[in-house]
Amino acid sequence: VSTQSTGAKYTINVEILGKPVKGSPFTVNLTGGTVVAPVNVTPMCDVTGDGLRAPVLGNVNFFTLIPRNPIKKEQLSVDITGPGKPSVQIYDNEDNSFDIEYEPLQAGEYIITIKVDGNNVNNSPFKVVVPGGSGLAAGGSQSEALGSGIKTAKLGGSTPALFTVYPKDDSSHPLKISPSQMSVEIGGADKIKPDIFENDDGSFDVEWTPTKAGSYTISVKVNGSPIKDSPFTVTVN
């Protein structure tokens with residue numbers, strides 16, 4: 001911060017990392033007494049990620065915020081408005097960066113406002129457009145299940161039948177979804193509640209154990225749509 005004065009007029013220059021903050025330089029006219037000029041400093045941050053560039057409908061999108069000066073998670077706020085009110089999660093990476101996740105459930109324009117200590121970071125608010133035709137309507141027909149558990153299962157076996165679900169978008173690219181966006185129903189000879197485990201690569205392991213001999217039907221859906229070749233039929237002798 002530097003000041004220059006000409007008579008009763010003062011010019012206040014405020015810079016961060018050698019660059020003027022928004023509104024700088026500030027001019028103050030001194031007319032007597034003490035003048036305190038409020039200065040709102042714009043927090044400088046780098047914001048990057050597909051969650052700002054190419055968000056996907058019905059998908060868990062994320063972007064990363066990297067403040068140029070150290071801050072704590074408590075100083076950061078993120079608000080997203082648009083069609084519906086998507087939930088927002090902020091994760092502290094403990095390296096002075098933060099991952100922000102949100103899940104838009106409707107197509108349209110969203111406004112993402114990011115603040116540090118109540119002040120908008122540079123370029124905030126951000127405008128992003130979530131296109132339709134993907135997300136909730138996608139991820140069904142191109143997703144697939146692989147493994148012996150959709151073909152065979154043993155009655156009374158000590159090891160559950162196992163298969164893995166690989167969510168994919170309409171272009172057959174891996175699709176990151178939350179567990180709530182996938183459903184597995186097993187019925188037929190008996191109704192079975194499967195155990196579902198989320199893997200680090202975005203796939204899901206499904207384990208199930210038949211309780212009776214007979215024919216079972218396994219229905220797997222992603223975003224409400226059946227995956228490729230679902231439902232599956234397994235006969236247990």
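Which residues have the most contacts inside the largest nonpolar core? Let me start there. One caution before the answer: this is a predicted model.

The core has 23 residues. Those with the most contacts inside it are Phe163, Val184, Trp208, Ile218 and Val220. Now, which strands supply it? Five strands each give at least two residues: E15, 161–166; E16, 182–188; E18, 204–208; E19, 214–222; and E21, 232–236. E19 gives the most, with four residues.

Take Val220 from that list. What does valine 220 touch, leaving out residues up to four places away in sequence? Its contacts include Phe163, Val165 and Val184. Ser183, Ser225 and Ser230 are also among them. Pro226, Ile227 and Phe232 complete the set.

Next, Trp208, another residue from that list. The structure holds two aromatic pairs. One of them joins tryptophan 208 to tyrosine 216. Their centres are 5.4 Å apart, and the planes make an angle of 55°. That pair is tilted. Are these two residues buried or exposed? Tryptophan 208 has a relative accessibility of 1%, so it counts as buried; the cut-off is under 20%. Tyrosine 216 is at 0%, so it is buried too.

On to single strands. Look at E8, residues 76–81. Which of its residues are covered, and which are uncovered? Leu76, Val78 and Ile80 make the covered face. Ser77, Asp79 and Thr81 make the uncovered one. Why the every-other-residue pattern? In a regular strand, side chains alternate between the two faces of the sheet.

E8 has a partner. Strand E11, residues 108–116, pairs with E8 in the antiparallel sense, over six bridges. Follow one of those positions: isoleucine 80 has isoleucine 112 of E11 as its bridge partner.

Last stop, an open sheet. Four strands form it, in the order E6-E7-E10-E9, and the pairing is antiparallel. Which strands are at the edges? They are E6, 45–48, and E9, 88–92; each pairs on one side only. On average, neighbouring strands here are turned by 20° against each other, direction ignored.

Zoom in on E9. Five bridges join E9 to E10, residues 98–102, and the two run antiparallel. Glutamine 89 has glutamate 101 of E10 as its bridge partner.

That's the tour.

Terms used:
Residues numbered from 1 in each chain as written. Predicted model: local features only at pLDDT ≥ 70, side-chain atom pairs only at ≥ 80, totals over all residues. Heavy atoms only, no water. Core = buried A, V, L, I, M, F, W, Y, C linked by side-chain atoms within 4.5 Å. Buried < 20%, exposed > 50% of the residue type's maximum accessible area, 1.4 Å probe, protein only. Contact = heavy atoms within 4.5 Å. Pairing = 2+ DSSP bridges. Axes fitted to C-alpha atoms, helices over the stretch in contact; angles between N-to-C directions. Phe/Tyr/Trp six-rings, centres within 6.5 Å; stacked < 30°, edge-to-face > 60°.
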